[in-house]
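Please keep the sequence and the coordinates at hand while reading.

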Amino acid sequence: MENAVRRTYRHIEVRPIAGALGAEIHGVEIARPLDGAVVSEIRQAFLDHLVLFFRNQTLTPQEQLAFAQRFGQPMEYPQLKGLPECPLITPVIKREHERVNFGGVWHSDTTYLERPPMASMLYAVEIPPYGGDTLFANQYLAYETLSEGLKKTLAGLVGINSSTKADASKTREDRLRDTGAELKVLVGEHPVVRTHPETGRKALYVNGGHTTQFKGWTERESRPLLDDLFEHQVRPEFTCRFRWEPGSLAFWDNRCTQHNPVNDYHGFRRVMHRVTLAGETPY
Ligand code: SIN
């Protein structure tokens with residue numbers, strides 16, 4: 001199961017970490033002002049590999065934001081408050097005594113918005129001594145490996161995505177409690193198969209975290225097909241796994257991937273800083 005594109009880069013070094021998606025980028029110091037040519041190559045690698053990883057970076061919230069702005073328009077995360085000194089950076093934290101990790105289910109970010117984010121960037125500030133890796137899955141491959149019959153069935157379907165689906169919303173309870181905020185009820189309707197606006201490739205665009213049913217179908221009617229798709233779209237051969245270190249940064253494309261942070265580090269703190277980049281209405 002190969003997605004990795006072989007391309008020659010002049011300004012960055014691109015090292016794929018798995019057959020399906022994911023590449024480490026070397027030769028870039030994110031905190032420094034970057035040449036347009038370097039940014040263009042990073043953008044190309046992002047489209048080719050779907051999720052990029054940078055290691056050994058030292059970034060203030062402002063520097064992370066400045067890097068993100070080279071690729072899109074940062075937006076506020078709808079459910080949580082950002083850092084007081086930099087509101088467009090959302091802290092993603094699990095404390096020593098907590099049992100649930102933020103976003104700890106397979107999902108694409110906030111698909112319950114009318115215009116879900118195109119990408120997210122997560123910077124590792126504090127990492128547990130073991131565990132806390134993040135898994136990613138390639139949704140082009142998930143779509144392309146379906147039978148022609150199922151592709152036809154899915155072609156006209158719209159998915160209903162909700163911010164209140166229980167498995168995902170319970171992963172945000174600790175952080176909402178911190179700020180006394182209420183969970184906002186948000187619902188987004190999107191094609192089950194979307195076309196990536198930059199690559200033109202089709203990707204499966206339902207996810208276990210937020211998609212509750214097909215439009216015009218009941219939840220009960222939707223469940224068997226949705227459950228089958230949720231299982232298919234994260235088959236091991238569609239995935240990669242990233243082992244974080246302090247100073248790592250991941251930059252993923254929400255239009256054609258899903259991710260799932262592994263909750264296997266109880267008793268330790270994990271602190272990340274996240275920027276979300278605005279996206280377009282899926283079609
Ligand atoms: C998220 O879904 O933004 C969290 C990902 C992670 O903590 O690795």
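**Basis of the values**

The model is predicted; local features need pLDDT of at least 70, side-chain atom pairs count only at pLDDT 80 or more, and totals for chains, interfaces and linings use all residues. Residues are numbered from 1 along each chain as its sequence is written, and side-chain values use heavy atoms, with hydrogens and water left out.

**The ligand site**

Around the ligand are Val 92, His 107, Asp 109, Leu 122, Thr 134, His 259, Pro 261, Arg 270 and Arg 274; a residue is near a molecule if one of its heavy atoms lies within 4 Å of it. Divided by class, this shell holds three nonpolar, three polar and three charged residues. In this division Ala, Val, Leu, Ile, Met, Phe, Trp, Tyr, Cys and Pro count as nonpolar, Asp, Glu, Lys and Arg as charged, and the others, Gly among them, as polar.

For His 259, an N or O atom of the side chain is 2.9 Å from a ligand oxygen atom. Taken alone, the ligand exposes 260 Å², of which the protein buries 100%; accessible areas come from the Shrake-Rupley method with a 1.4 Å probe, and for residues only the protein chains shown count as cover.

The largest cavity is the space taken by the ligand. A cavity is a set of points, on a 1 Å grid over the protein atoms alone, where a 1.4 Å probe fits but cannot get out, and a molecule sits in a cavity if more than half of its atoms lie within 2 Å of its grid points. Two or more residues of the shell come from each of strand 15 (257-261) and strand 16 (270-277). Helices (H or I, at least four residues) and strands (E, at least two) are DSSP runs, numbered from the N terminus.

**Residues of the shell and a partner**

Thr 134 belongs to strand 7 (residues 134-138). Thr 134 counts as buried because its relative accessible area is 3%; buried means under 20% relative accessible area, exposed over 50%, and partly exposed in between (1.4 Å probe, protein chains only).

Trp 244 itself is placed in the loop between strand 13 (239-242) and strand 14, and is buried at 1% relative accessibility. Its C-alpha atom is separated by 17 Å from that of Leu 21, 223 residues apart along the chain.

Pro 261, another member of the shell, lies in strand 15 and is buried at 10% relative accessibility. The C-alpha atoms of Pro 261 and Asp 133 are separated by 6.0 Å, although the two are 128 residues apart along the chain.

**Side-chain contacts elsewhere**

Asn 254 is located in the loop between strand 14 (249-253) and strand 15. Its relative accessibility is 1%, so Asn 254 counts as buried. Glu 148 lies in helix 4 (residues 148-155) and counts as exposed because its relative accessibility is 54%.

| Residue | Partner | Polar contact |
|---|---|---|
| Asn 254 | Ser 120 | 3.0 Å |
| Asn 254 | Trp 252 | 3.1 Å |
| Glu 148 | Lys 151 | 3.1 Å |

**Backbone and loop positions**

Most residues other than glycine have a negative phi. Leu 50, in the loop between helix 1 (36-49) and strand 3 (51-54), has a positive phi near 75° and is buried at 0% relative accessible area. Thr 110 has a positive phi near 40°; this residue lies in the loop between strand 5 and strand 6 (119-126) and is buried at 3% relative accessibility.

Leu 80 is found in the loop between strand 4 (74-75) and strand 5 (90-94), and is buried with a relative accessible area of 10%. The C-alpha atoms of Leu 80 and Val 28, 52 residues apart along the chain, are 31 Å from each other.

Notes:
A polar contact is a pair of N or O atoms within 3.5 Å; within protein, one must be able to donate a hydrogen and the other to accept it, and residues adjacent in sequence count only if both atoms are side-chain atoms. On a 1 Å grid over the protein atoms alone, a cavity is a set of points where a 1.4 Å probe fits but cannot get out, and a pocket is an open set with protein on both sides within 12 Å along at least five of seven lines; lining residues have an atom within 4 Å of a point.
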